Amino acid sequence: MELKDINVNIPILSKNIKEGENNKKIFESKKLLTINLISSPGSGKTTLLENITPILNEKGFSSLVIEGDIATTRDAERINKKDIKCVQINTHGICHLESKMIRKAFEQFNIKNEKILFIENVGNLVCPAEFYLGEHEKVAILSVTEGEDKPEKYPLLFKEASCILLTKVDLLPFLDLSEEDFILEIRKLNKNSPIFLVSKKDKNSYHKFVEWLIQKYFSIFGEAQ
């Protein structure tokens with residue numbers, strides 16, 4: 001008997017990619033820069049959104065957020081306290097978001113003048129990197145407490161990320177690691193994408209990432225008239 005190895009992931013991913021491409025057409029028709037935030041649990045995705053959305057608002061870039069979580073609404077509740085429109089997706093055990101989930105969640109928004117859609121993916125460094133959702137950019141988030149070896153262990157995300165945020169850098173003095181240790185490991189996989197160091201203890205540390213987002217918006221949709 002001839003044995004064949006059938007890759008069942010191909011048709012699943014192909015269908016998801018097609019649905020993601022349809023999502024992207026919808027996002028662009030609304031002139032929404034769409035950012036897929038990916039990290040392990042507890043790295044600071046929600047804290048990042050809590051800190052950058054007020055800065056973006058001040059600059060005229062109001063935001064929408066789709067929150068992905070396996071079981072709770074805790075992160076969405078935090079975002080709602082910032083008066084940001086937010087829709088929750090509970091995956092009920094699935095470790096990543098898929099394009100069809102994003103489409104269904106997006107249809108719940110009453111869109112006005114928002115310019116950026118953030119998708120906070122389920123905390124996981126593996127599967128979310130494999131599922132295209134229609135985003136313009138993937139942003140990888142790595143906290144210093146996770147260790148500098150994570151890019152090498154989970155290479156796909158760090159290879160594909162258009163931008164990488166190193167979070168909780170205020171804790172570096174208490175670790176046997178330096179900023180250079182992390183950057184060295186990331187650069188082995190990704191030589192070009194910007195790396196921004198941020199900490200909720202230093203609100204000014206978020207400004208470079210905010211400027212990067214605004215420049216991305218203008219590069220896709222053009223300068224404001």
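This is a predicted model: local features need pLDDT of at least 70, side-chain atom pairs count only at pLDDT 80 or more; totals for chains, interfaces and linings use all residues.
Local features need pLDDT of at least 70 and side-chain atom pairs count only at pLDDT 80 or more, while totals for chains, interfaces and linings use all residues. Residues are numbered from 1 along each chain as its sequence is written.

Let's begin with the record: an unreviewed UniProt entry places "domain: CobW/HypB/UreG nucleotide-binding" at residues 35-195. Such annotations may be inferred rather than shown by experiment. This span is 30% helix and 22% strand (DSSP runs: helices are H or I of at least four residues, strands E of at least two, numbered from the N terminus).

Next, find strand β2 (residues 63-69) and strand β3 (residues 85-90), which pair in the parallel sense over six bridges; pairing requires at least two DSSP bridges between the strands. From β2, the chain crosses through helix α3 (residues 74-80) to β3, and this β-α-β crossover is right-handed: with the strands pointing away from the viewer, the path from the first strand over the helix to the second runs clockwise.

Both β2 and α3 supply at least two residues of the lining of the largest pocket. Which helix gives the most to this lining? That is α2, with four residues.

Finally, look at the cysteines. The structure holds zero disulfides, a disulfide being a pair of cysteine sulfur atoms within 2.5 Å. For C95, the nearest cysteine sulfur, that of C127, is 3.3 Å away. C86 is buried, with a relative accessible area of 16%, whereas C95 is partly exposed at 26% (buried means under 20%, exposed over 50%, partly exposed in between, using a 1.4 Å probe and protein chains only).

Conventions. Side-chain values use heavy atoms; hydrogens and water are left out.
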